[in-house]
Amino acid sequence: MGYQYILLDMGTRISGNSTWLGSVGSIYEYRIDPAVTPTNATFNYDLVSLINDPASWASGPYSWDFSTAGNDSPSGNNSGRWIAAKHDPFSGTVLNVASGVATITGSGTLAIESLGIVIGSPSTYAWVQIDVNPSTQSDRNDLAFRYVWQKDGLRLSDNNSKREWLIPTNKETKRYNFYLPYTADQGTDFKGNWDGFSHGVLLQFGAGEEGINSVAIDNFKLLAMYGHVTITP
Ligand SMILES: [Ca+2]
């Protein structure tokens with residue numbers, strides 16, 4: 001499977017397990033058991049960390065404009081900790097963030113991800129808004145843009161937590177709005193439930209084909225629907 005990033009909410013108790021106290025200064029050691037049954041498998045860990053950032057669980061709006069270097073709150077309004085996805089099939093992806101634009105280059109399927117994103121809002125934050133300019137070797141109207149999200153303790157795209165929409169290329173920067181709960185036009189593997197709570201996001205462009213030169217993202221947001229107005233006679 002390669003490397004996977006797994007985020008566990010230690011405050012959510014699983015049946016039969018003890019409660020995580022988590023008080024600052026009271027943790028002296030912790031142990032990770034990679035499997036619950038005997039196995040000959042080998043497990044490699046690249047990073048293990050305990051994160052204490054309750055402020056990031058605040059509600060939205062969630063917005064990443066790629067303009068404020070060094071300000072990387074997981075809940076947005078800055079450049080964020082976006083990196084080039086390196087796991088299969090995205091090994092050719094290169095990301096450059098400059099002047100408020102995230103530019104993705106490489107070969108094959110391209111993707112960037114922010115695995116520290118913490119979205120703790122209700123499902124009202126259900127619109128993906130993205131300003132994007134994909135450059136391809138020839139004009140196209142069918143470049144796949146996939147939005148993949150991650151839940152506590154699960155991997156990216158587990159439970160079909162992803163959507164796919166088609167966008168044109170070589171048309172300069174265009175703004176798109178996609179509605180996450182709507183699954184009627186989605187493929188079988190793209191109908192996972194959107195509940196507004198996710199902790200990692202991957203933005204994928206293309207589906208393995210050749211000929212994608214670059215993708216420039218000027219802004220990326222998760223937006224709430226406008227409130228409705230009630231008129232009382
Ligand atoms: Ca921007």
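Two residues are counted as being in contact if their C-beta atoms, placed from the backbone, lie within 7 Å. By that criterion, among the contacts in the chain between residues at least 6 apart in sequence, 68% join residues at least 24 apart. This is a predicted model, in which local features need pLDDT of at least 70, side-chain atom pairs count only at pLDDT 80 or more, and totals for chains, interfaces and linings use all residues. Residues are numbered from 1 along each chain as its sequence is written.

**Confidence and overall make-up**

- The chain averages a pLDDT (the predictor's confidence in each residue, from 0 to 100) of 84, and 82% of the residues score at least 70.
- Among the elements of the chain, the highest mean pLDDT, 98, belongs to strand β9, while the lowest, 81, belongs to strand β6 (residues 119-120).
- Where pLDDT is low, the predicted coordinates should not be read in detail.
- The secondary structure comes to zero helices and 13 strands, where helices (H or I, at least four residues) and strands (E, at least two) are DSSP runs numbered from the N terminus.

**Sheet and strand pairing**

- Five strands form an open sheet in the order β2-β5-β12-β8-β9, with antiparallel pairing; two strands are said to pair if DSSP finds at least two bridges between them.
- The edge strands of this sheet are β2 (83-84) and β9 (162-167), each of which pairs on one side only.
- Strand β8 (residues 143-149) pairs with β9 in the antiparallel sense over six bridges, and Phe145 has Trp165 in β9 as its bridge partner.
- Strand β7 (residues 125-136) likewise pairs with β10 in the antiparallel sense over six bridges, and the bridge partner of Ile130 in β10 is Tyr176.

- Leaving aside its neighbours within four places in sequence, Leu202 is in contact with Ala85, Ala111, Glu113, Val148 and Leu156.
- Strand β10 (residues 174-179) lies largely in the open, because the number of buried residues among its six is zero.

**Loop residues to look at**

- Gln137, found in the loop between β7 and β8, counts as exposed because it has 11 C-beta neighbours inside 10 Å.
- Gln137 and Asn170 are 33 residues apart in sequence, yet their C-alpha atoms are 8.7 Å apart in space.
- A cis peptide bond with omega of about 5 degrees joins Asp88 and Pro89, and Pro89 is found in the loop between β2 and β3 (94-98).
- Ser99, in the loop between β3 and β4, has a positive phi near 55 degrees although the residue is not a glycine, and Ser99 is exposed, with 8 other C-beta atoms within 10 Å.
- Ser157, in the loop between β8 and β9, also has a positive phi, near 75 degrees, but Ser157 is partly exposed, with 17 other C-beta atoms within 10 Å.

Key
Buried ≥ 20, exposed ≤ 12 C-beta atoms within 10 Å, placed from the backbone.
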